[in-house]
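Here is a short briefing to read alongside the model. Please keep the sequence and the 3D view open as you go.

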Amino acid sequence: MKPNPTRSALLVIDMENGFVEPEGGHCIRFAKSTVPACCRAVELAREEGIPVFFVKRIYRADGSDVELTRYAGWKAGGRACAPASQGANSAQAPEGLKPQPGDYTIIKPRWSAFFQTELDLILRRLGVRTVILTGTTTPNCVRTTCYDAIALEYNTVVLTDCCSSQTEEIQRVNLEDMGRAGAILMDSAAFAGYGPDTVPDTSAAIRAEMEGCDLVPEPFQQTENGSAWTDQW
């Protein structure tokens, strides 16, 4: 394992033929055009010692684990991304986005890469403080992963030209929303200069501020019966 001075991890979300290829049952219109930028981001991450996580969605053939809101489309689209599937409607990755020794693979049961997966556990074991998001789709899997990452106290970066939506407008408004929620937006060209000081560790800064003051976390008061919360809980 290479040293990882940035304490970051790169996530590649749902870049599978079924989502990327025009013949795929879940094809996202602009996903294929982002493959070159995603490949460059993966190569840069590996060079910098940033662990790469390929986050995949694989559906059982009987549909027992397909999202309720996606089931009809999944069935109509030829039951895409089945285990061991091959071809344009498969869970196979495009060339350049296949795992290599040292990479990680996460199989997720729903949109977010964190929902009921081991991702958070592994990231914390690796000492990761920042997650860098790429893949498809921006309004669903990338966005829910972004919000879960922020909720779990990770600094969160979205590589804007490495994720995709069905329309340019959907892409734009979802990126803007993630930015307003606190995600750092940058493109793959900016990522080429990524280093240990690119993303400030907000959680560490807040903790340092807390350690520098003497405020107690909750306003207790003394009563005849001892200490109590001000709301008498």
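Which residue does Val55 stand opposite in β3? The residue is Ile106. This is a predicted model, in which local features need pLDDT of at least 70 and side-chain atom pairs count only at pLDDT 80 or more, while totals for chains, interfaces and linings use all residues. Residues are numbered from 1 along each chain as its sequence is written, and side-chain values use heavy atoms, with hydrogens and water left out.

**The sheet**

- An open sheet is formed by 6 strands in the order β3-β2-β1-β4-β5-β6, with parallel pairing. Its edge strands, β3 and β6 (184-186), each pair on one side only.
- From one strand to the next, the twist averages 25 degrees.
- Helices (H or I, at least four residues) and strands (E, at least two) are DSSP runs, numbered from the N terminus. Two strands pair if DSSP finds at least two bridges between them.

- Buried means under 20% relative accessible area, exposed over 50%, and partly exposed in between (1.4 Å probe, protein chains only).
- Val52, Phe54 and Lys56 point one way from β2, and Phe53 and Val55 point the other way. In a regular strand the side chains alternate between the two faces of the sheet.
- Strand β1 (residues 8-13) runs parallel to β2 and is joined to it by 4 bridges. Ile13 has Val55 as its bridge partner in β2.
- Strand β3 (residues 104-107) also pairs with β2 in the parallel sense, over 4 bridges. Phe54 has Thr105 as its bridge partner in β3.

**A look at Thr105**

- Thr105 is found in strand β3 and is partly exposed, with a relative accessible area of 38%.
- Not counting residues up to four places away in sequence, Thr105 touches Phe54, Lys56, Pro99 and Glu118. Contact here means heavy atoms within 4.5 Å.
- Thr105 and Gly182 are 77 residues apart along the chain, and their C-alpha atoms are separated by 26 Å.

**Nonpolar cores**

- A nonpolar core is a set of buried Ala, Val, Leu, Ile, Met, Phe, Trp, Tyr and Cys residues joined through side-chain atoms within 4.5 Å.
- The largest nonpolar core has 33 residues, of which Leu10, Leu97, Leu159 and Phe191 touch the most other members. The elements giving two or more residues to this core are β1, α1 (17-20), α2 (35-47), β2 and β5. Helix α2 gives the most, with 7 residues.
- Apart from this core lies another, of 24 residues, among them Phe53, Leu123, Cys163 and Ala183.
- Leaving aside its neighbours within four places in sequence, Leu97 is in contact with Met15, Val35, Cys38, Cys39, Val42 and Phe54.

**Helices α5 and α6**

- The axes of helix α5 (residues 138-151) and α6 come within 11 Å and cross at roughly 5 degrees. Axes are lines fitted to C-alpha atoms, for helices over the stretch in contact, and angles run from 0 to 180 degrees between N-to-C directions.
- The two helices α5 and α6 are therefore roughly parallel to each other; angles under 35 degrees count as roughly parallel.
- Residues of α5 including Val142, Tyr147 and Ile150 meet residues of α6 including Ile170, Leu175 and Met178.

Notes
Angles under 35 degrees count as roughly parallel, over 145 as roughly antiparallel, 65 to 115 as roughly perpendicular and the rest as oblique.
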